[in-house]
Amino acid sequence: NEFDIGVLDYINKVRVDKAKALLAETDQSIIQIAQAVGYISDITFIRVFKRYEGTTPGRYRDSLENRT
């Protein structure tokens, strides 16, 4: 069922998914993206992103650019 994960876990996942789209579709900085998806601190954003994706936002964006 969709409620098997905690509220914070769900919010973080939604934020990370939105951040992934912004990383792919814009040239906004990591700090701008962190703020756009609701994080006050870019350090917190990077830590959460890495927990869910296994890589940092910068490396994630680099991996997208290297595919083209």
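Predicted model: local features only at pLDDT ≥ 70, side-chain atom pairs only at ≥ 80, totals over all residues.
The largest nonpolar core has 13 residues. Ala19, Ile33, Val37, Tyr39, Phe45 and Phe49 have the most contacts inside this core. Four helices, α1, α2 (30-36), α3 (42-53) and α4 (57-67), each give two or more residues to the core. Helix α1 provides the largest share, with four residues. In soluble globular proteins, nonpolar side chains tend to be buried together.

Phe45 illustrates the packing. Leaving aside residues up to four places away in sequence, Phe45 touches Ala19, Ile30, Ile33, Ala34, Val37, Tyr39 and Pro57. Among these partners, Ala19, Ile33, Val37 and Tyr39 are also listed with Phe45 among the core residues with the most contacts.

Thr55 lies in the loop between α3 and α4. The relative accessible area of Thr55 is 19%. Thr55 therefore counts as buried, since the cut-off is under 20%. Beyond residues up to four places away in sequence, Thr55 is in contact with Phe49, Lys50 and Tyr60. Phe49 is one of the core residues with the most contacts.

A nonpolar patch is found on the surface. The patch is formed by Ile5, Val7, Tyr10, Ile11 and Val14. Together these residues have about 450 Å² of accessible area. Val7 belongs to helix α1, which spans residues 7-25. The relative accessible area of Val7 is 64%. Val7 is therefore exposed, because the cut-off for that class is over 50%.

Notes
Residues numbered from 1 in each chain as written. Heavy atoms only, no water. Patch = residues over 30% accessible without salt bridge, like charges linked within 9 Å, V, L, I, M, F, W, Y side chains within 5 Å. Areas by Shrake-Rupley, 256 points an atom, 1.4 Å probe, with all protein chains shown as cover. Salt bridge = Lys/Arg side-chain N within 4 Å of Asp/Glu carboxyl O. Buried < 20%, exposed > 50% of the residue type's maximum accessible area, 1.4 Å probe, protein only. Core = buried A, V, L, I, M, F, W, Y, C linked by side-chain atoms within 4.5 Å. Contact = heavy atoms within 4.5 Å.
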